[in-house]
Amino acid sequence: MATSMPKQVNMESTRLCTECGRQFQSRSGHSRHIRQHKGQAPYRCCGKMFFDKDKLKMHRNHIHEEAASEACFQCGKLIATRQQVTKHMAVVHNANSENFTCDTCGANYTSKQGLQDHTASRAAHACHCGKEYRHATNLYRHKKSTKH
């Protein structure tokens with residue numbers, strides 16, 4: 001079982017949604033999330049709105065029975081999106097044999113992102129009033145809901 005040293009999450013590089021306080025490490029994820037708040041879905045099908053192309057492809061495959069365009073490299077099963085193929089490989093074929101372990105508590109994760117999310121959630125976020133939160137989102141909501 002391979003273990004990997006956790007990458008330190010740079011909290012300054014995260015992007016915070018000013019609407020709900022959710023944090024994002026990628027600019028594209030943050031932008032997609034903001035479009036959801038604004039109701040700006042660039043993809044539409046049969047009256048439904050989709051904020052990213054993969055979700056539209058999954059909808060068309062599942063609801064309209066359009067042919068899945070991606071194939072599993074190992075078994076050949078047709079799947080709607082590359083992202084779903086990756087998930088299929090990890091779950092069905094146990095392709096993600098690398099585990100990521102938290103040095104502090106020993107929790108294991110199958111993805112680097114899972115470990116990074118865990119590490120970020122363990123950090124304390126404190127308000128000047130003395131309240132502390134494990135998640136920056138909760139601190140953001142606290143500050144927004146109380147008068148400081």
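Taken as a whole, the chain holds 5 helices and 10 strands, and of its 148 residues 28% count as buried. If we look at the contacts in the chain with a separation of 6 or more, residues 24 or more positions apart account for 20% of them.

Before turning to details, a careful reader asks about confidence. The pLDDT of the chain averages 77, and 85% of the residues score at least 70. Confidence in the chain is highest in strand β3, residues 43-45, at 88, and lowest in helix α4, residues 112-122, at a mean of 74. Over residues 1-12, however, pLDDT stays under 50, although the model has 20 contacts beyond four places in sequence for this stretch. Where pLDDT is low, the predicted coordinates should not be read in detail.

The unreviewed UniProt entry carries the annotation "domain: C2H2-type" for residues 15-42, 70-98 and 100-133. Over residues 15-42 the chain is 43% helix and 14% strand, with the end C-alpha atoms 22 Å apart.

Within residues 27-38 lies helix α1, whose 12 residues reach 17 Å from the first C-alpha to the last, close to the 16 Å expected at 1.5 Å a residue. Which residues of α1 are buried? They are G29, H30 and H33, and, seen down the axis of α1, the buried residues fall within an arc of 100°, so they line one face of the helix. What covers these buried residues includes two strands, β1 (15-16) and β2 (23-24). On the other side of α1, by contrast, R27 and K38 are exposed. The helix is followed by G39, whose phi is positive, near 70°.

Why does H33 count as buried? A residue is called buried when its relative accessible area is under 20%, and H33 counts as buried because its relative accessibility is 8%. Leaving aside the neighbours of H33 within four places in sequence, H33 is in contact with C17, C20, R22 and F24. F24 also lies in the range of strand β2 (23-24), which is among the elements covering the buried residues of α1.

Note on methods: Residues are numbered from 1 along each chain as its sequence is written. This is a predicted model: local features need pLDDT of at least 70, side-chain atom pairs count only at pLDDT 80 or more; totals for chains, interfaces and linings use all residues. Side-chain values use heavy atoms; hydrogens and water are left out. Helices (H or I, at least four residues) and strands (E, at least two) are DSSP runs, numbered from the N terminus. Buried means under 20% relative accessible area, exposed over 50%, partly exposed in between (1.4 Å probe, protein chains only). Contact means heavy atoms within 4.5 Å. pLDDT is the predictor's confidence in each residue, from 0 to 100. UniProt positions are given in the numbering used here, feature names are shortened, and annotations may be inferred rather than shown by experiment. The expected span of a helix is 1.5 Å times one less than its number of residues. The arc is that of the directions from the helix axis to the C-beta atoms.
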